Amino acid sequence: MSFYKPSFRHPSAPSNELGLTTKAYEGGVSTLCAGCGHDSISAAMIQAVWGLNIEPHRVAKMSGIGCSSKSPNYFLGKAHGFNSVHGRMPSVTTGANVANRDLMYIGVSGDGDTASIGMGQFTHVIRRNLNMMYVVENNGCYGLTKGQDSATADEGSKNKKGRANPFEAIDLVALALDLGATFVARSFSGDKDQLVPLMKAAMSHKGFALIDVISPCVTFNNHAGSTKSYDHTREHVQAGAVLDFVPMAQEITLDQIKGSTQKVALHNGDSVRLSKLSDNYDPTDRHNAIRTLLDHKAQDKLMTGLIYIEPESENFHEMLNVSKTPLNELKQDVLCPSGAALKSINEGLR
Amino acid sequence: MKATDISNPEYFHKVVDCQYACPAHTPVPEYIRLIGQRRYSDAYMVNWESNVFPGILGRTCDRPCEPACRRGRVDEEPVAICRLKRVAADNKDDADVAARMPLIPSQKNGKKIALIGAGPASLTVARDLMPLGYEVDLYDENAKGGGFMRSQIPSFRLPEEVLDQEVDYVLDMGVTRHFNTRVESMRSILDKGYDAIFVGTGAPKAKDLIIPGRDEASDNIHLGINWLESVAFEHLDSIGKKVVIVGGGNTAMDCCRTAKRIGGKEVSVTVRSTFETMKASPWEKDDTLAEGIPILPNHSPREFILEDGKLVAMTFNVVASSYDENGKRTIKETGEIVTIECTDAIMAIGQDNAFPWIERDIGIEFGEWDMPVVDKVSFQSSNEKIFFGGDAAFGPENVITAVAHGHQAAISIDLFLNGSSVKEARPAPGTNLVSSKMGIHQWSYDSAVIDDDRQASAHIPVEQALSSRKIESEIGFDLDAAFIEAERCLNCDVQTVFFEKKCIECDGCTDICPTNCITFINNDEEGSLRDKLNAPSVNKEQDLYVSTDLPTGRVMVKDEDMCLHCGLCAERCPTSAWDMQQFLYTVTKAGNEPAPILVEQMGGKKQEQAA
């Protein structure tokens, strides 16, 4: 009986610049169903944060309710975390972000937590361009309550009993683009080669970064007729702008990506290098992104990769002039200005 | 790469590193699990079927298994396999074991075989052929069986009772003993009309050291193995106060420790090589140092010094070893000369074969180094009736190698006497591969990997140990330590078996694997595949397990090197594309005797008896 993992790791496992192996970035052993796509996303998360040389305690994992929202327990065991109310992760993250903008915020949500109960929060956090990575572990069903169709289940997709979903699906990527999101990507839990660099780019983006990850529910939504199964996703996936994340320190010399490439510089000097869908696909062109997304949908293709990026956007902190210093580091005299300060304010209003 | 053929038993055999490294291929994890279950007699029988001398080997084996142990690759030290074997031997139920000895047919098959030398090789041949109805005559110059296990291994390492018991298991099968009978002529044996003859006479000739003073001081210069034999058979019971041992192998360790027990006060060991590269097993060096015997490396013998015709000292050239980039050693004298006072000197610098008793005109071809030409597989000499094994076949090795030879020679003799080809008709190994699945997270083996360090084997206090050459100096594991040590075993024989057709490529196994040994990747040549795996592929000796093509066109590649056999891949697999399957590989013995899957049958029998 083993809900445990042996403590031995590969003795030659590589270390990152902090001298840490991925072991330092692991979390508890998952209690999700064997084969759940969410576990692959957790594994990608470990690789991405490890690869960015971020100390685990500089990260805050935020989540709501659901299978997806359990998963922060299974990576970055030494990071901060907040398992909030259903669908309310964005508000809690906003509060945390205002209080301490030095941490890196990783929001993990699901299709129910985002597209149903959390829809209002989701749209507003996009509008506010809050500095965070928002990962939707999207399996098109409510796995935790035995697999009912969720709001992202495609019209006509069959549930486990064979009944087709009569409702139109909410496309979170299209919605985010429409709402003015500054980093929008889609990926597949079964494609870490794409997912890991996307996460790195998303975490390096200053502003709101959405990654909608198709993450098959192996128990309730992995049958023939489902449009979110491993097989269906693999058959319909169209790797869009294939992405390669290039940290600032690394010179761009290697060129593993065939075809024409485009480099997009990020806020902090890092860059995202793309090999493009076609020569005229420009991921910094929002109109084109929306059009291409719809074209793919019409052809029954699932467009993945980095779909849109606006590298130099004004984020929440800049819009609201949020304190650069975390509140927990502010001294009392700054937090509670003296009577003289109040007096001078009052004087100014006379 | 081509998909791995797991139906070839050698593939999974190689994954069981300890068993693969063992010359006799004893199913190590199988008996360690039994020890963990406190089934000592069962563990003993698994050993006995394979290596005939578990109690002896559990004390004296050269342990080729331990450096191979997978645990040593992920943890600091390998599993203490050898001492666990001793646990099985020390805690077995003697009556139970005696009752499980093979039945010997009273109706013989009419074939008569002579075994020359009563060491481990010959005894193994007897063990395998007696149950088949052969009549076996065993010749040895000494009064008891055991060969060099009796004459050269001191009693403080191997108590006589242990040796007697295991030698008697074989002799009591009805072997005709011709002890105190030195065979002086092979022709005379041939003339007796045996159907086959097996030579297991070991490597009985000690090497000598010819340096100035050797002849003059010969009264106080002893040859290691001969001297040990004289002590063992009580022709000698004392030695001078100051003893120098020349040589750095296990015989040297036995000589110095024996000398210290029968009168040597100042005993030291001198070795030409460095301390690290000397031939003695590390644990034998440890035991020697623990008894206060210094080991002096880089000492090359120069001269025996005599006063009034008596040995008083030895001089040594101090040397330095250096290695070139190919690892070739050069030894240079530094010019320094060291003098060590001594009343006696023991030469333990190696041993050779000697066959003065084999006439050269009886059809046995002799080749290089005056060694008989022996086939490496069948152990048959150029006289088709005569077989060799143990040290007599290819020069000095060890007990476990002699046992392995004995099993193979017995197969050849049986084939030969049944008119089959000793080369082509050799039996395939016995194999068994059975799922160990008991439930979603439950296996029939203890899949948890414990973190405990290698347990130390207990010794008696040094003063007590040195007081007699007959008191065993090592106590071994108590049952608690044995249990922990048994749990350290990674169960490498429980194989990760992959069923491509069931795989949905969800990455569950890849994500959970503690050592990242599973990769789903586009197929390629072995070299480039190894470069692209999820974890560095550092050990090229270990195989890659490659699947056939999966639906995405990729293949599953598992680097066997660091697999902990923890079963998490199989627990995480939603479709049971991975299964943990217990693999048993046994070397088939003469007469196609089915190998010890017996254990389970025995368990069954016991239950019946209990009911």
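**Notebook: cores, sheets and the A–B contact**

I began with the nonpolar cores of this predicted model, and found that the largest has 141 residues, with Ile35(B), Leu115(B), Ala126(B), Leu129(B) and Phe198(B) having the most contacts inside it. I took a core to be a set of buried Ala, Val, Leu, Ile, Met, Phe, Trp, Tyr and Cys residues joined through C-beta atoms within 7 Å; buried means that 20 or more other C-beta atoms lie within 10 Å of the residue's own, exposed that 12 or fewer do, and partly exposed lies in between, with C-beta atoms placed from the backbone. Helix 18 (residues 399-417) of chain B gives the most to this core, with 11 residues. I also noted a second, separate core of 67 residues, which includes Met45(A), Leu76(A), Ala115(A) and Ile309(A).

Before going on I wrote down the conventions: residues are numbered from 1 along each chain as its sequence is written, and chains are lettered from A and ligands numbered from 1 in the order in which they are written. Local features need pLDDT of at least 70 and side-chain atom pairs count only at pLDDT 80 or more, while totals for chains, interfaces and linings use all residues.

I then looked up Leu129(B), whose contacts (C-beta atoms, placed from the backbone, within 7 Å) include Ile113(B), Tyr134(B), Ala410(B) and Ala590(B), leaving aside residues up to four places away in sequence.

Next I turned to the two chains, where 24 residues of chain A are in contact with 29 residues of chain B. On the chain A side, helix 1 of chain A supplies the largest share, 4 residues, and the residues of that side divide into 12 nonpolar, 8 polar and 4 charged. Here Ala, Val, Leu, Ile, Met, Phe, Trp, Tyr, Cys and Pro count as nonpolar, Asp, Glu, Lys and Arg as charged, and the others, Gly among them, as polar.

For the sheets I used DSSP runs, with helices (H or I) of at least four residues and strands (E) of at least two, numbered from the N terminus, and strands pair if DSSP finds at least two bridges between them. One open sheet of chain B has 5 strands in the order 3-2-1-4-15, with parallel pairing, and its edge strands are strand 3 (176-178) and strand 15 (386-388) of chain B. Within it, Asp137(B) has Thr176(B) in strand 3 of chain B as its bridge partner.

Another open sheet of chain B, also parallel, runs 6-13-7-8-9. Strand 7 (residues 242-246) and strand 13 (residues 344-347) of chain B pair over 4 bridges, and Ile245(B) has Ile346(B) in strand 13 of chain B as its bridge partner.
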